[in-house]
Amino acid sequence: MTRTHLVVLPGGGYAEHAAHEAEPVVAWLGGIGVRASVFRYPLHARHPRPLTALRAEIRRLRAAGAQRVGLIGFSAGGHLAGLAALAPGAAAEETVDFAVLGYAITSMETETYRPARLILLGEDASAELRRSTSLDALVTPDAPPFFLWHTAEDPYVPADHTYRLASALAAGQVPHTVHVFAHGPHSLGLARNAGEAAIWTTLAEAWIHEQA
C-alpha cells in the first residue's frame, strides 16, 4: 500500500451518518490497495464545527505518516469533503490532495436539501454565509483534483449541485472528472446492482490510483 490515506465521510444530511456509506466504502478501498478510515464528523453542529473537526483528523493522519490525504464523501459528507478541500484557512498539514464526491450537496444557495442547510447554517443564515459555504464559490486555480459523480434522477440533491461545482472547476482550470449517470436514486453508496451507476467504483479506482 502507498502512503496515501483516504478519509471516508458518510452522508446523512448532517443529521446522521449513513452506515452503507461508511465501513463498506473502507472495505472497497482496502480491496483496491488504498488505506482508508471513516471519520464521523460532528452532527447537528453549526459551521465550522464539522470542518474544524475534519481538519484536526487530517492533521492527525499526516502526523501518523500519511504523505497524501484524500477525501471521499457522499451527500452531506461530500459537502464537508469539498469544504475541507476548498475553504480558505487550512494550515499546511490540513491540506487535501484530492477529493471524490458522490451526489454531494455543493451549494448552500439553492433551496434543495434545505434540512441539511438549516442544521449547518441555521434558519437565518446570511447571504454571505450561504455563499461562503457553497463549494462553487470557493474554487481557486490552486484547488486539488476532484472526481464527481451523481445521477440525473436524484430527487433529493439534484445533479445541478454537481454541475455547479464542475463548472467552477472548469473555469478555474482545476483537474476534474465528472460522471452523471442517467438512472438511480439518492444515497447509492457503492451502487452495487444499481445498473449503470455501479461502474462509478471502477472509474474512481483508476482515478484514485492516479492521484495516489
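This is a predicted model: local features need pLDDT of at least 70, side-chain atom pairs count only at pLDDT 80 or more; totals for chains, interfaces and linings use all residues.
The axis of α2 (residues 49-63) crosses that of α3 (residues 76-86) at roughly 65°. The two axes come within 10 Å. The crossing of α2 past α3 is right-handed. On the α2 side, the contact is made by P50, L51, L54 and R55. On the α3 side, L80, L83 and A84 take part. Six residues of this contact are nonpolar and one is charged.

The strands come next. An open sheet is formed by six strands. Their order is β2-β1-β3-β4-β5-β6, and the pairing is parallel. The edges are held by β2 (35-38) and β6 (176-181). Each edge strand has a single partner, so one side of each is left without a neighbour in the sheet. From one strand to the next, the twist averages 15°.

Within the sheet, strand β4 (residues 98-102) runs parallel to strand β5 (residues 146-151). Four bridges join β4 to β5. V100 has F147 of β5 as its bridge partner. Helices also pack on the sheet. Helix α6 (residues 160-171) touches β4, β5 and β6. The direction of α6 makes about 155° with that of β5. Another helix, α1 (residues 23-31), lies across β1 (4-9), β2 and β3 (68-74). The direction of α1 runs at about 175° to β2.

Q211 is found in helix α7, which spans residues 200-211. Is Q211 buried or exposed? A residue is buried when its relative accessible area is under 20%. Q211 has a relative accessibility of 14%, so Q211 counts as buried. Which residues does Q211 touch, leaving aside those up to four places away in sequence? The contacts of Q211 are R68, F98 and P145. R68 lies in the range of β3 (68-74), and F98 in that of β4 (residues 98-102). Between Q211 and E23, the separation is 188 residues in sequence. In space, Q211 and E23 are 22 Å apart, C-alpha to C-alpha.

Note on methods. Residues are numbered from 1 along each chain as its sequence is written. Side-chain values use heavy atoms; hydrogens and water are left out. Helices (H or I, at least four residues) and strands (E, at least two) are DSSP runs, numbered from the N terminus. Buried means under 20% relative accessible area, exposed over 50%, partly exposed in between (1.4 Å probe, protein chains only). Contact means heavy atoms within 4.5 Å. Axes are lines fitted to C-alpha atoms, for helices over the stretch in contact, and angles run from 0 to 180 degrees between N-to-C directions. A crossing is left-handed if the near helix is turned anticlockwise from the far one by less than a right angle, and right-handed if clockwise. Ala, Val, Leu, Ile, Met, Phe, Trp, Tyr, Cys and Pro count as nonpolar, Asp, Glu, Lys and Arg as charged, and the others, Gly among them, as polar. Two strands pair if DSSP finds at least two bridges between them.
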